[in-house]
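Student: I have a new protein model open and I'd like to learn how to read it. Could you walk me through it?

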Amino acid sequence: MGKKKEIREKSLALEWIKDIVIAVIIAAVIVQVVKPTIVKERSMEPNFYQNDYLFVYRLAYKGDHKIQRGDVIVFRSDLETDSGKKKLLIKRVIGVAGDKISIHNGEVYVNGEKDDQSYTMSGETVGDLDETVPDGSLFCMGDNRDVSIDSRSDQVGMVSTGRVFGKVVFRLYPFDRMGRITNPYK
């Protein structure tokens, strides 16, 4: 009777180990595809607030999928955190390679067409510029244009597509705003 009990306990322990290993492998795969992140700043208000819990889809732009105007992306910047690490920034893509971006009198123009800024905090954009987005780059701005450090600033400038970490696709928290992230240009 003691031998059967010992075999059963070993079998149960092996089942637990197998389940734990499978769970760890699944978690590792998910983390390679979807990265949870928490908004730390105010630059994306009124669409994303501090402590919003978001999911970033890391494979969004693999294959034939291209970054589009209006996408909310996370990218590696040269700005540093207090601990000296490079900051990940969350911004909205305003222009892609070849787009001519103009900002004058509070208005943004993309390829000569006035940009709808109804999704932004103040409905206008501070700055004065005329630039063409170079190949392999993006022009990105925060939705709270008055406080956002973005492509208008020398600290960030044009964003190399190679620095894009992923696309923000889902908000988990706060629960009353939970849901898929949509592109205001579509």
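Tutor: Let's take confidence, then the surface, then the core.

Student: What should I know before starting?

Tutor: This is a predicted model, where local features need pLDDT of at least 70, side-chain atom pairs count only at pLDDT 80 or more, and totals for chains, interfaces and linings use all residues. Residues are numbered from 1 along each chain as its sequence is written, and side-chain values use heavy atoms, with hydrogens and water left out.

Student: Where is confidence lowest, and where is it highest?

Tutor: pLDDT is the predictor's confidence in each residue, from 0 to 100. Here the protein averages 91, and 98% of the residues score at least 70. The lowest mean, 78, belongs to α1, while strand β9 (residues 137-141) is highest at 98. Helices (H or I, at least four residues) and strands (E, at least two) are DSSP runs, numbered from the N terminus.

Student: Is leucine 14 buried or exposed?

Tutor: Buried means under 20% relative accessible area, exposed over 50%, and partly exposed in between (1.4 Å probe, protein chains only). Leucine 14, part of helix α1 (residues 2-33), has 57%, so it counts as exposed.

Student: Which residues touch the most other members of the largest nonpolar core?

Tutor: A nonpolar core is a set of buried Ala, Val, Leu, Ile, Met, Phe, Trp, Tyr and Cys residues joined through side-chain atoms within 4.5 Å. In the largest one, with 13 residues, they are Ile73 and Leu138. Two or more residues each come from β3 (72-80), β4 (86-95) and β9, and β3 gives the most, with 3. A second, separate core has 11 residues, including Val39, Met44, Val56 and Ile90.
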